[in-house]
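Visitor: I have a model open and want to learn how to read it. Where do we start?

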Amino acid sequence: MSLLEVLDLHARSLELAAGVADTVRPELLELATPCAGWTLRRLLEHVVGQHHGFAAAARGAGPDLALWHDAPLDGDPAGTFRRSAEELTAAFAEASAAGRELWLPEIRADGAFPLRQAVGFHLLDTLVHGWDVAAALGAPSGVAAAVDGDQRLAAVLLSVAELVPAGPQDRAPGRAFRERREPGGGAGPFDRALALLGRDPAWVPPEPPGPPTGRAGRPQP
């Protein structure tokens, strides 16, 4: 698949994830997500920070980890997501026109990546984190269905997911992904990709705590 085709699929992925982010209201930002210990706010700040980091790399920045910090949402999660996504799309187009390779210090600091490979990395991040957000909101099926319904997009996602290192040191606590899971019979391409990355396709938000009860088990006022 050509670089231009991968860039087109990446743009589709960003739009799909942005559609999910559009539904995030500020009062929902403390919801739990499939990323252990991360609230929805923390997840979106990470995603926007990645947008900025990849955009800086696409514009020619070197291996500077300071460019990859999480970014504040400024009280507007949906708008912040879309603006950073637009910045990234423009930066990838600039890198394509310049024939530029990208330094991605969060992955390795001793060499740059071909643009096509770097775009593939971010396409995977975009779709998986888009699913994370949707799952936190209790509606993950739309992302999975959209990917499964696009054969080329699903193929690229799976091909990148299969290349993510899966050794014990790569899937240790604190790493981006957990140990691979068995996807189960009948799993579609998106669920198979989630399983390769250690995600549980059946994850659901935890139940909110109920009201305090008295001795008889009745809710207290």
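Guide: Start with a term. A polar contact is a pair of N or O atoms within 3.5 Å; within protein, one must be able to donate a hydrogen and the other to accept it. Keep in mind that this model is predicted.

Visitor: Which backbone atom does the side chain of R116 reach, and at what distance?

Guide: The R116 side chain comes to 2.8 Å from the backbone oxygen of M1.

Visitor: Where is R116 found?

Guide: Look in helix α4, which covers residues 115-136. R116 touches M1, S2, L3 and V6, leaving out residues up to four places away in sequence. Take E5 as well: 111 residues separate R116 and E5 in sequence, yet their C-alpha atoms are 9.6 Å apart in space.

Visitor: Is S13 buried or exposed?

Guide: Buried means under 20%. S13 has a relative accessible area of 0%, so S13 is buried. The residue sits in helix α1, residues 3-21. Beyond its neighbours within four places in sequence, S13 contacts L123, T126, L127 and L153.

Visitor: What is the mean pLDDT of the protein?

Guide: pLDDT is the predictor's confidence in each residue, from 0 to 100. Here the mean is 90, and 90% of the residues reach 70 or more.

Visitor: Where does pLDDT stay under 50?

Guide: Over residues 213-221. For that stretch the model has eight contacts beyond four places in sequence.

Note on methods. Residues numbered from 1 in each chain as written. Predicted model: local features only at pLDDT ≥ 70, side-chain atom pairs only at ≥ 80, totals over all residues. Heavy atoms only, no water. Helix = DSSP H or I, 4+ residues; strand = E, 2+ residues; numbered from the N terminus. Buried < 20%, exposed > 50% of the residue type's maximum accessible area, 1.4 Å probe, protein only. Contact = heavy atoms within 4.5 Å.
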